[in-house]
Amino acid sequence: MTASVTPAPKPAARPPMLARFTTQLTVDRRARQNVYFVILALVLLVVFPLFFDIFRLNLVGKYLTYGFVALGLVMCWGQAGILSLGQGVFFGLGGYCMAMFLKLEASDVKSTSIQSTPGIPDFMDWNQLTSLPTFWIPFKSLFCTLVAIPLVPGLLALVLGLAMFKRRVGGVYFAIITQAVAAILSILIIGQQGYTGGVNGITDLKTLEGWDIRTDTAKYVLYFVNVGLLLGAAAVAFSIDRSKLGRILVAIRDREERVLFTGYDVASMKTFAFVLASVYAAIGGAMFTLQVGFMSPSFVGIVPSIEMVIAAAVGGRTSLFGAIYGTLLVNFAKTYFSESFPELWLFVIGSLFMGVVLVLPNGLAGVDLRKAVLTMIVRFSRRGTSRRRNAPPAPVVVGPVPEAPDGHGSKGAEALHS
Amino acid sequence: MSPASTQKTFTTHSVARGLILAGTFLLLACSKSGGGDTASAAPADKATAASMGSPTVTATEVTVGQLHSATGTMAISETGSIEAERLAIDQINDAGGVLGRKIKIIQEDGASDWPTFAEKAKLLLEQDKVVCVFGCWTSASRKAVLPVFEKDNGLLYYPTFYEGLEQSKNVFYTGQEATQQILAGLDWIAKTKNAKTFYLIGSDYIWPRTSNKIARKHIENVLHGTVVGEEYYPLGHTQFGSLINKIKAQKPDVVYAIVVGGSNVSFYKQLKAAGVTAENQTLLTISVTEDELLGIGGENMVGFYAAMKYFQSLDNDNNKKFVAAFKAKYGDKSVIGDVTQAAYLGPWLWKAAVEKANSFDVDKVVDASPGIELTTAPEGYVKIHPNHHLWSRLRIGQAQLDGQYKVLYESDLIEPNPFPKGYQ
Amino acid sequence: MHVSLAIWAMQAFTGLSNFSVLLLLALGLAIIFGQMGVINMAHGEFLTVGAYTTYVLSQVSERWAPWLEKTYFLVAVVVAFFLAGGLGLLVEHVLVRRLYRRPLDTLLATWGLSLVMQQAFRSTFGAREVSATLPDWLMGSLKPTPSIDIPINGLVVLGLAIALTGGVAFILLRTRFGVDVRATVQNRAMASAAGINTGRVDRLTFGLGCGLAGIAGAAFTTIGSTGPTSGSSYIVDAFLVVVFGGAQSLIGTIGSAFSIAQLQATTEFFMTGSMAKVLTLSTVILILMMRPQGLFALKVRR
């Protein structure tokens with residue numbers, strides 16, 4: 001190997017500190033994740049605010065709220081193998097909780113004086129409601145609202161999760177049932193317009209405890225709060241991922257029976273993952289309401305729920321980073337294509353999606369760039385055997401070679417052991 | 001090869017992977033600047049332009065925005081409005097423009113998604129700084145953009161007939177609000193059919209519910225009739241068998257239908273199949289324009305009545321010219337519904353107001369608007385009311401086999417009343 | 001009293017016709033999902049293929065073949081079956097075949113497929129809904145007594161549903177192919193070892209399921225709309241029927257379509273359609289939570 005035509009890279013030329021660091025990175029997954037985490041934080045906290053004006057930054061902020069959903073999906077789908085097609089339900093519930101608070105604040109007696117009942121939200125007045133419905137009353141208080149945002153969706157997820165996982169409903173069945181829940185909730189919200197604002201949603205939100213959320217300054221602040229929460233959520237997800245619980249979740253995904261026979265309470269653990277995902281989605285929904293200024297049932301139904309799953313799958317269902325980047329990528333692509341080539345948009349996203357599922361089951365995060373590049377180099381260098389010897393080593397070594405995870409898939413059909 | 005160098009390759013690659021992922025969408029994001037028809041260069045350019053004061057009114061040009069769904073589920077309905085507004089603007093430009101300036105359009109796509117509407121409205125008002133916007137179709141999209149228009153003091157011309165209960169300084173409503181479309185129609189049907197009992201049907205969302213609420217009050221308090229049933233079905237519902245049986249059980253004098261979208265097709269097909277036709281049942285709808293009739297099929301609705309302010313078959317010179325111009329531009333097979341005509345009014349009303357105010361300034365245009373008349377409107381004559389809605393007539397049309405309506409009745413000019421007392 | 005009796009009879013027929021719609025919807029899906037474990041989210045788009053086939057044939061017969069005007073609908077049903085079925089074979093070969101080991105991923109991939117198909121419809125036929133001109137004999141009603149109307153299109157859908165169910169039952173229970181299918185479902189490895197070409201069985205099963213969806217789509221032009229997204233509105237109902245009945249059981253699918261349709265029709269008569277829908281879906285979910293294997297589950301050894 002030493003007698004080479006092109007000189008091999010010399011490791012000794014590198015400063016020893018860096019060498020140690022990179023060595024550590026190679027062997028230590030945790031250290032590597034930390035680096036990725038810092039990169040993500042830098043991109044979100046420094047690069048984006050520097051390069052984008054407030055209009056586009058606000059867009060990024062909106063996309064990032066879907067990032068919460070994607071993080072949750074990684075935890076419950078990628079890690080624990082539970083595919084929920086009803087994440088829009090939790091996103092929506094979180095968003096509605098926040099919207100109800102903001103709407104009540106925007107509907108003070110003075111600004112609603114032309115209504116027949118001043119002081120209640122305008123859409124209630126149009127629907128002949130003469131007093132605030134009981135379930136709206138807690139949302140007069142910011143504290144109660146902040147409690148309700150994770151609590152309401154979390155409780156729903158807890159009930160659904162316990163009911164189904166205890167009876168060992170899983171896989172495909174779970175996916176379809178969550179989808180039906182999404183359908184029910186969106187019909188309910190649209191139908192009960194006196195209580196929910198109906199298909200228009202809850203609009204015209206103005207201030208949060210007197211602070212105008214529509215100004216540019218507020219948008220900046222909200223963006224950073226959003227990023228902070230997202231990074232926090234990612235950090236929590238990581239610590240779970242690294243804990244014993246995280247490893248058991250993966251084990252459940254791959255071989256549920258074995259974990260069960262080892263004596264673990266599989267149902268509770270799956271429920272935990274599902275509840276966590278729902279709480280993440282709810283936080284995303286609440287941040288969405290704050291940044292976009294309204295909430296509507298179009299985020300609750302089946303289509304948005306599946307779109308959220310798509311974004312996570314494109315980025316990489318097992319990678320927390322992949323999910324966040326995937327969400328950004330899919331949404332940017334959506335904005336870009338639907339404006340520039342509206343006719344092509346569905347073709348592009350549809351094909352992208354089939355392609356990712358077929359070729360890259362682990363999404364973009366599963367792409368082994370080095371392997372791809374090396375394979376290409378090897379292929380090129382095959383033209384001359386003398387040069388081939390000097391080519392970099394064939395892609396046999398190091399690094400987690402992504403495998404098609406058949407585990408969480410094959411479980412679907414055998415989810416029911418009646 | 002030493003292990004260290006392998007490790008280096010690996011690490012570089014791993015970190016690079018993250019960076020490349022991040023880079024990809026950075027690029028994507030940057031490549032998307034203004035968007036729309038006249039996507040003009042980088043944001044930096046726009047900032048400079050913006051600092052020059054009013055970038056969209058030059059000596060020869062004035063820029064307006066157009067904000068509809070060109071994609072997604074609402075594209076079916078909104079395409080007609082997009083076409084009509086373009087036609088009007090082309091005609092204005094051909095006639096010399098507004099205050100000597102040609103109108104340039106920046107079109108944005110709301111993509112049938114309400115937050116996208118709000119986003120694009122912001123883009124048009126804050127970055128493109130357009131002097132006015134023609135757009136929106138559904139109430140939900142209008143509600144989504146309303147705060148943006150009010151905050152940025154923009155100007156919106158909204159074409160759809162809608163539920164009322166709204167009046168904004170920044171919006172002109174060129175379609176009818178609910179009372180204009182409902183009351184005269186009910187009066188006519190009650191008189192000509194001697195109708196006493198009514199069955200109200202709607203898709204389950206705000207416009208049908210609010211409209212039926214107004215209809216019910218009018219039926220009970222003014223016509224002294226009775227409402228024998230009121231039913232709502234989810235959007236997209238396709239099975240109306242039970243409803244049809246309930247109608248048969250009640251035998252109402254009039255079925256008052258506000259079903260929208262794909263449900264419409266199922267509803268009328270199943271009515272016909274169940275033997276409910278114009279021969280044995282009077283039906284009045286306010287939601288089926290010529291556009292929808294195309295999908296339902298004239299044979300499934302023949303003989304039923306619709307109450308609108310405009311029908312394509314309207315017999316006057318303005319309309320003949322309009323229909324001919326529309327077909328010349330968009331093809332002989334195109335149909336023109338009520339909303340399409342209302343969208344066509346927008347640019348003309350704006351032009352008239354700008355010329356009266358002799359300015360493109362939103363406040364001045366708004367101040368100049370009340371009282372403006374349009375004698376060239378395809379629907380005949382309209383006038384802007386101080387409450388930003390239009391005085392207009394109501395017509396009753398009867399559905400024909402060929403997918404057109406035959407106009408049977410025309411009301412006097414009706415005053416718009418978005419907050420009707422006694423109907424709330 | 002006489003009138004209310006007539007209404008009662010017609011309402012019973014409404015329930016029956018809802019049942020036949022659900023059954024037609026679910027039949028193709030039941031085969032694909034029940035027998036193969038594949039979740040075909042593009043099922044609705046295969047319906048739409050059938051619907052557009054009917055529309056195109058109606059246009060063709062109107063313009064060039066007036067002699068077909070009375071009967072083109074029957075031709076459309078047959079053409080729709082082969083068109084949608086052929087498309088199904090293609091999709092199986094290109095897409096689904098590679099994902100048998102990952103059923104949840106078939107859900108995502110076929111969702112992508114459904115988006116592509118929707119856009120293809122839109123690009124071909126336009127975004128507006130179209131309407132196939134149906135022959136008069138399809139759109140009338142029977143009048144056994146003066147106050148009872150039985151819609152003929154409902155009867156046609158009912159007849160089709162019964163005929164197809166019978167056909168599927170016959171294929172599954174009485175033909176060699178059916179034996180192969182059942183063997184593959186119950187134990188793939190053993191079936192393969194016994195010399196059954198399981199790949200071919202899968203392909204044909206998927207094609208059959210899609211073909212049935214095509215027929216359903218053609219039938220639905222008599223009661224519903226034909227547009228790029230018409231099919232997708234049925235998908236949740238269809239899946240619920242299959243899951244509620246207990247996958248892998250044809251009797252289960254029939255039973256569940258019947259119970260859901262009756263529940264829906266009955267509640268619809270006493271409350272508004274929206275609430276009826278919510279109530280029906282919730283009941284189904286609640287029952288599924290208590291009895292996750294579905295109403296009529298088949299014991300399968302794995």
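The model is a predicted one.

In chain B, 13 helices are found together with 15 strands. Of the 424 residues in this chain, 59% are buried. When contacts with a separation of 6 or more are considered in chain B, 71% of them link residues 24 or more positions apart.

Strand β10 of chain B, residues 305-308, makes a handy place to look in more detail. Both of its faces are covered: Y305(B) and A307(B) are buried on one side, and A306(B) and M308(B) are buried on the other. Two other strands are joined to β10(B) by bridges. Strand β9 of chain B (residues 282-285) runs parallel to β10(B), with 2 bridges between them, and here T285(B) has A306(B) as its bridge partner. The path from β9(B) to β10(B) includes helix α10 of chain B (residues 290-296), and these three elements form a right-handed β-α-β unit. Strand β14 of chain B (residues 395-399), by contrast, is antiparallel to β10(B) and is joined to it by 4 bridges; Y305(B), one of the buried residues, is the bridge partner of Q398(B) in β14(B).

Turning to the contact between chains, 38 residues of chain C meet 44 residues of chain A. On the chain C side, α4 (103-125), α10 (235-245) and α12 (273-290) each contribute at least two residues. The greatest contribution to this side comes from α4(C), with 14 residues. By residue class, the side of chain C that touches chain A comprises 23 nonpolar, 8 polar and 7 charged residues.

Notes. Residues numbered from 1 in each chain as written. Chains lettered and ligands numbered in written order. Predicted model: local features only at pLDDT ≥ 70, side-chain atom pairs only at ≥ 80, totals over all residues. Buried ≥ 20, exposed ≤ 12 C-beta atoms within 10 Å, placed from the backbone. Contact = placed C-beta atoms within 7 Å. Pairing = 2+ DSSP bridges. Right-handed = clockwise from strand over helix to strand, strands pointing away. Nonpolar A, V, L, I, M, F, W, Y, C, P; charged D, E, K, R; others polar.
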